[in-house]
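These are my notes on a first reading of a structure.

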Amino acid sequence: MNNHQSLWLVWQNPITRLNYHVATLSYTDNKYEFSYTWKSESGQKVKDALENGYMLHPSFPELQKNYVSNKLFAAFDRRLPSDIRKDYNQILEELNLNTRSTQMELLEQTRGKLSNDSYSFEKPLKLIDDKLKTSFFVNGMRYQQNLPSNWKEIIETTNIITLKLEPENPVDNNAVAVYAGMGIKLGFVPRFYSTAIYALIKRGLNPVLKIDYINDTATPDWWLKVNFESKVDMISSKELKNIDPLFEYAV
């Protein structure tokens with residue numbers, strides 16, 4: 001397979017604010033494929049979402065169908081900034097992209113989000129050269145009551161981002177909190193990653209988080225993006241596949 005790219009389509013329950021990995025969009029050999037995560041019995045997938053208020057996307061009404069197209073599906077293409085916009089090149093520059101960037105790359109960087117929207121595209125967890133990698137925006141920063149007003153300065157000064165398990169979390173017993181230097185709680189690992197990352201940390205592995213970028217003038221969901229990387233031994237790799245059969249290996 002050539003030029004394989006994939007993104008998770010994530011739905012956020014507007015009431016509980018919980019996120020679910022409901023589908024995967026892939027691009028391989030010049031074809032786009034879209035399929036719901038109905039094969040997975042683990043939490044935070046489409047079956048769990050359907051039990052918690054989710055309705056299938058109207059453009060993809062069949063749960064078990066694998067949709068294929070030579071073009072990016074219109075439902076997702078309209079989520080991208082139009083190239084006829086006067087500020088299009090400026091948008092690309094802000095996203096660290098250029099006119100040669102693919103639609104999948106543009107979806108990844110913009111997350112395909114629309115205002116007041118419950119969908120977003122997120123980068124999957126992938127195993128590459130015995131390392132589990134992804135990047136994500138820290139969730140729940142707006143709800144941290146003890147988050148100091150100068151959190152951006154503290155992060156940039158200390159350059160420390162760490163993870164801490166929260167097994168007693170009332171919402172998710174696989175919750176993984178994200179901390180900055182000086183013991184400041186920033187928020188959480190997105191819930192659709194937390195089960196796998198929680199399992200790795202429980203095995204004694206020490207993931208490394210590095211700051212991708214900070215934008216404290218954006219909406220809180222886009223304040224802080226980090227890169228995640230963790231060495232994964234053979235046992236952990238098999239455990240991840242057992243936790244979630246949709247766990248992705250790089251191709």
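Entry 1. I note at the outset that the model is predicted. I searched for cavities of 30 Å³ or more and the count came to 1. I then looked up the volume of the largest cavity, which is about 50 Å³.

Entry 2. Which residues line the largest cavity? I found Glu108, Arg111, Phe121, Glu122, Lys123, Ser135, Phe136, Phe137 and Lys225. Sorted by class, this lining holds 5 charged residues, 3 nonpolar and 1 polar.

Entry 3. I asked which strands contribute to the lining. Strand S5 (119–122) and strand S7 (131–137) each provide at least two of the lining residues. The greatest share comes from S7, which gives 3 residues.

Entry 4. I turned to helix H6, which covers residues 191–202 and has 12 residues. From its first C-alpha to its last, H6 reaches 16 Å, close to the 16 Å expected at 1.5 Å a residue.

Entry 5. Why is H6 described as largely enclosed by the rest of the structure? I recorded that 9 of its 12 residues are buried, and H6 is therefore largely enclosed. Buried here means under 20% relative accessible area.

How values were computed: Residues are numbered from 1 along each chain as its sequence is written. This is a predicted model: local features need pLDDT of at least 70, side-chain atom pairs count only at pLDDT 80 or more; totals for chains, interfaces and linings use all residues. Side-chain values use heavy atoms; hydrogens and water are left out. On a 1 Å grid over the protein atoms alone, a cavity is a set of points where a 1.4 Å probe fits but cannot get out, and a pocket is an open set with protein on both sides within 12 Å along at least five of seven lines; lining residues have an atom within 4 Å of a point. Grid points are joined across faces, edges and corners, and a volume is the space filled by probe spheres set on the points. Helices (H or I, at least four residues) and strands (E, at least two) are DSSP runs, numbered from the N terminus. Ala, Val, Leu, Ile, Met, Phe, Trp, Tyr, Cys and Pro count as nonpolar, Asp, Glu, Lys and Arg as charged, and the others, Gly among them, as polar. The expected span of a helix is 1.5 Å times one less than its number of residues. Buried means under 20% relative accessible area, exposed over 50%, partly exposed in between (1.4 Å probe, protein chains only).
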